[in-house]
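Please read the following points with the model open.

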Amino acid sequence: MTDTATVFPTKQFFVGMLTRDIELSDAIFDLLDNCVDGLLRTVTHLKSKNPYQGFWASINFKEGKFTISDNCGGIPIERAEKDAFAMGNPKHENHLPTLGMYGIGMKRAIFKLGRSARVISQTSEAAFEVNLSKYWPDNDKDWNLLLTPINKPFEQAGTLIEVDELHEAVTREAFEIQELFLDELRRLIASHYTNFIAKGFKIMVAGKPIERKPLTLLFNPRLKKPSQKIMPYIYKGEINGVKVKLIVGLLGPTPTDDELEEELDLPRNRGEEAGWTIICNDRVVVYGDKTPLSGWGEENVPCYHSQFSAISGVVEFESLDSMKLPLTTTKGLNPSSDIYRLVKSMMREGTRIFTNFTNKWKAYREEEPALYKKLQKTEIGKIISKIPESDFILVRGHQWEKKSLPDLPKPNPENPKRQVKFAAMQLEIRRLAEFLFEDKETPESEVGIECFNRVLREIKQ
């Protein structure tokens, strides 16, 4: 007789570990991602302009419950029986750019939200219901859930997930400060699901449709000769089955010194859209990052400062095998991913180009706005499609890696600006201010500039 040591896991361990490091909003995103994956399995014309038109998902917190419903095709009953509710699913749909990776998203989200749940799903062929009791985690011997076939309850194929007996922390966040919570959730969905909404997918929170937050940069769509104009830096590649598109440019003119001082008093300054946004299979996983995660403060790239609040970049990863994407189990960015580390070098190069541009024009703020006259906010996808292939050069000698380098305008080197600085007594400055502007509270910088300009005008006469 051979003794054995049990290695069978406990449900409480799974539940505790799955929900330990995930925020409430990310749990809700896991459920939204399931809606999107259902959408991808249902839609047959993914390359059309608005492939998700007519499809929707609705999120609600009311009567002490959380619900998310959709019309995204439902879960096939065979899939539900075999793997949809399993703790981990090694099978991948390699013919679709889905978001699911490890098969834990729906279960983790339910456990994060509450103690019991009901899942009702309907396809064009059949419908079923699964109930998760609050007592299910107490029995480690029986891991199965009862799946009950039912008559079709919905007008359209889709899924309803209802979670009740919500955890105290969820109740406090979703009900006691409900409007603040829902507004923040709407804001996050508007940016993180912007590409899906752009393709026609309608997402509602508490009955209110979400308006997407587009990803744009300044661009002149009628520009024919890009030389010495404000153009973005672009990189395109296909690495180990992952398509990559990268673009970085400007959101607007560099902020003036006065604007930088004013921003310090604002709770959410105009630099929110600045930094790097990273997308995997159309889903934003990092938005507006300004840390070393996206290369700021590394390898000759300066640390982010509000001076750089006009610089914005976007990286898109796309793969039919979601396991190849640089993602963690919670769909955050995995910075140690080989493909991300490779692409990050391109991100740093692009960031350096525009921080250098900003620094060169720092002393020429008055002339700089003229550079932006014919530029307009343009969505990044349209910008990339406008750049001809002849503008790209090979990266590392690879045919599958290309980049387009902008030749940005430079200040006139023959007549460079120099800073004039000196100190004077405050009372004397105020006397000058009252004489020049009839206002002794005029800022010292304006007083100094006017004195300089007056003498210069006299010399030129």
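1. Phenylalanine 85 counts as buried, because its relative accessibility is 16% and buried means under 20% relative accessible area (exposed is over 50%, partly exposed in between, with a 1.4 Å probe and protein chains only). Phenylalanine 128 is buried as well, with a relative accessible area of 1%.

2. The model is a predicted one: local features need pLDDT of at least 70, side-chain atom pairs count only at pLDDT 80 or more, and totals for chains, interfaces and linings use all residues. Residues are numbered from 1 along each chain as its sequence is written, and side-chain values use heavy atoms, with hydrogens and water left out.

3. How many aromatic pairs does a search of the whole structure find? The search finds 13; rings of Phe, Tyr and Trp (its six-membered ring) pair if their centres lie within 6.5 Å, and planes under 30 degrees apart count as stacked, over 60 as edge-to-face and the rest as tilted. The rings of phenylalanine 85 and phenylalanine 128 have centres 6.4 Å apart and planes at 80 degrees, so this pair is edge-to-face. The pair links distant parts of the chain, 43 residues apart: phenylalanine 85 lies in the loop between α3 (77-84) and α4, and phenylalanine 128 in strand β4 (residues 127-132). Helices (H or I, at least four residues) and strands (E, at least two) are DSSP runs, numbered from the N terminus.

4. Tryptophan 361 and tyrosine 364 also form an edge-to-face pair, with 6.0 Å from centre to centre and 75 degrees between the planes. Tryptophan 361 is buried at 6% relative accessibility, and tyrosine 364 is buried at 10%. An aromatic cluster is formed by Phe29, Tyr52, Tyr193 and Phe196.

5. Helix α11 (residues 426-437) packs with helix α12 (residues 444-460) at an angle of about 65 degrees, their axes being 10 Å apart. Axes are lines fitted to C-alpha atoms, for helices over the stretch in contact, and angles run from 0 to 180 degrees between N-to-C directions. Residues making the contact (heavy atoms within 4.5 Å) include Ile429, Leu432 and Phe435 of α11 and Glu444, Val447 and Arg454 of α12. The contact residues divide into eight nonpolar, no polar and four charged, where Ala, Val, Leu, Ile, Met, Phe, Trp, Tyr, Cys and Pro count as nonpolar, Asp, Glu, Lys and Arg as charged, and the others, Gly among them, as polar.
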